[in-house]
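Please look at the sequence and the model first.

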Amino acid sequence: MAPMTRGRADDVTGVPHPRTAEYYAQRASAGLIVSEGIWVDRTGKSGPGIPGLATKRQAEAWCAVTEAVHREGGRIFAQLWHAGRVSHPGVMGRTPVAPSAVRQAGRIFSADGWTDTVEPRALGEEEIGEVVQDFAAAALRAVEAGFDGVELHGANGYLIQEFLARNTNLREDRYGGSVAARLRFPLEVVAAVTERIGAARVALRISPGNPENDIVEDDWKEVYSRLLEELRRYELAYLHVIDTPDAVPLSHLRPLWPGTLVANLRSEEPTSRDEGESLIETGLADVVAFGRLFIANPDLPARFALGAPLARADHDVYYGARLDGYTDFPAYEPDSAKFACSARS
Ligand SMILES: Cc1cc2nc3c(=O)[nH]c(=O)nc-3n(C[C@H](O)[C@H](O)[C@H](O)COP(=O)(O)O)c2cc1C
């Protein structure tokens, strides 16, 4: 199950909703659940209702979630997230931070609805080290709270990718300029987190060339080839690649990654079973992550196995404090359909 923010956490405390345990337990047949993005520090919170893993109370609440998933025989990784510039003072009370003071084009969803983005503040060198430590501390807390591992959110235009991309990283110090310098922060995070909890429990999610959140990565081939070259020494749990259905970055990167590769496709339509099978058959991926299909089909693997019809979730229920559209999607019941029998008197 791909990581999906659902915005149901307590907005003030960052504690996951009491029903979050049930939500993930319902989806335990996924094999591996990657949790919604969880902030490692409040400054890295992207939007309303996003949970954290920076306090004892938050960790205790996640403990109930991991227990519930394990009870159902599932496994769950925590997705560790720093949103960088993709945030707003109206979300977390401060000016967002980023590699450089480059404002994101477009608007952002804040507590007051859609709002203009603000210019972020460039992180000082010392502060970068603190964010690295925030990731490491959250990773340890995740393991202590019963998560089977962590996935570092290096995709979709948030802090880690902001360091990789030329249009968001204009730094001229050790963290910007050359490709090697732009790789420094992501690699420091990987090094600190693997040192803290062991590489076998650590994964990284990337989205090479993805323009989401106003990223321009015309040099993705060089950047991600170098990144994978550096990462190969760690024997991570897996590398998670988001690609478009034409799979151009995946075709380029797959030969460079001897470890487990999880793929997920971004397009208008949710990643389908056919697309997943083709990714496996062509060897482009070892595992496929499904996102949106899991929202309305908690028993997705069983439905795939049976060829059962798939339910669709309305986009309105994806995010927000509302409780409908969260734990109320039933598993498929073959006998639940009404049938008509003309022989009945
Ligand atoms: C409601 C929603 C929330 C999402 N939240 C996250 C997130 O927190 N972290 C992340 O890496 N991707 C997030 N994504 C992206 C998904 O993980 C996935 O890449 C995307 O939905 C495409 O896969 P799909 O076609 O199987 O849904 C989100 C997607 C949706 C629809």
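Helix H2 covers residues 56-71, and its 16 residues should span 22 Å at 1.5 Å a residue; the end C-alpha atoms lie 23 Å apart, which agrees. The model described here is a predicted one. Several residues of H2 are buried, namely Gln-58, Ala-59, Ala-61, Trp-62, Val-65, Thr-66, Ala-68 and Val-69. These buried residues of H2 pack against helix H1, strand S1 (33-39), strand S2 and helix H4. After H2 comes Gly-73, and the phi of Gly-73 is positive, near 85°.

**A residue before H1**

Val-15 sits in the segment before helix H1 (20-26). Val-15 has a relative accessible area of 13%, so it is buried. Apart from neighbours within four places in sequence, Val-15 is in contact with Ala-9, Asp-10, Arg-57, Gln-58 and Ala-61. Val-15 and Glu-60 are 45 residues apart along the chain, and their C-alpha atoms are separated by 8.8 Å.

**Helix H4**

H4 is one of the elements that the buried residues of H2 pack against. H4 has 20 residues and reaches 29 Å from its first C-alpha to its last, close to the 28 Å expected at 1.5 Å a residue. The buried residues in H4 are Ile-128, Val-131, Val-132, Phe-135, Ala-136, Ala-138, Ala-139 and Ala-142. They lie on the same side of H4, because the arc they cover around the axis is only 160°. The exposed residues Glu-126 and Glu-144 are carried on the face of H4 turned away from that buried side. Strand S2 (76-81), strand S7 (149-154), helix H5 (159-164) and helix H6 are included in what covers the buried residues of H4. Gly-146 follows H4 and has a positive phi, near 95°.

**Where H4 meets H6**

The axes of H4 (residues 125-144) and H6 (residues 179-197) come within 9 Å and cross at roughly 35°. The crossing in which H4 passes H6 is right-handed. On the H4 side, the residues that meet H6 are Ile-128, Val-131, Val-132, Gln-133, Phe-135, Ala-136, Ala-137, Ala-139, Leu-140 and Val-143. On the H6 side they are Phe-185, Glu-188, Val-189, Ala-192, Val-193, Arg-196 and Ile-197. Sorted by class, this contact of H4 with H6 has 14 nonpolar, one polar and two charged residues.

Glu-188 is one of the H6 residues in that contact. Is Glu-188 buried or partly exposed? Its relative accessibility is 24%, so Glu-188 counts as partly exposed. Leaving out neighbours within four places in sequence, Glu-188 is in contact with Ile-128, Val-132, Arg-174 and Tyr-175.

**Two loop residues with positive phi**

Most residues other than glycine have a negative phi. Asp-214 has a positive value, with phi near 65°. Asp-214 lies in the loop between strand S8 (202-206) and helix H7 (220-231). Glu-235 also has a positive phi, near 50°, and is found in the loop between H7 and strand S9 (238-243). The table gives the accessibility of both residues.

| Residue | Relative accessibility | Class |
|---|---|---|
| Asp-214 | 28% | partly exposed |
| Glu-235 | 67% | exposed |

**The segment after H11**

Ala-313 is found in the segment after H11. At 17% relative accessibility, Ala-313 counts as buried. Beyond neighbours within four places in sequence, Ala-313 is in contact with Ile-295, Ala-296, Tyr-318 and Phe-329. Ile-295 and Ala-313 are 18 residues apart in sequence, with 6.5 Å between their C-alpha atoms.

Tyr-319 is placed in the segment after helix H11 (300-306) as well. Apart from neighbours within four places in sequence, its contacts are with Thr-5, Arg-6 and Arg-8. From Tyr-319 to Arg-205 the separation is 114 residues in sequence and 21 Å in space, C-alpha to C-alpha.

Definitions and conventions:
Residues are numbered from 1 along each chain as its sequence is written. This is a predicted model: local features need pLDDT of at least 70, side-chain atom pairs count only at pLDDT 80 or more; totals for chains, interfaces and linings use all residues. Side-chain values use heavy atoms; hydrogens and water are left out. Axes are lines fitted to C-alpha atoms, for helices over the stretch in contact, and angles run from 0 to 180 degrees between N-to-C directions. Helices (H or I, at least four residues) and strands (E, at least two) are DSSP runs, numbered from the N terminus. A crossing is left-handed if the near helix is turned anticlockwise from the far one by less than a right angle, and right-handed if clockwise. Contact means heavy atoms within 4.5 Å. Ala, Val, Leu, Ile, Met, Phe, Trp, Tyr, Cys and Pro count as nonpolar, Asp, Glu, Lys and Arg as charged, and the others, Gly among them, as polar. Buried means under 20% relative accessible area, exposed over 50%, partly exposed in between (1.4 Å probe, protein chains only). The expected span of a helix is 1.5 Å times one less than its number of residues. The arc is that of the directions from the helix axis to the C-beta atoms.
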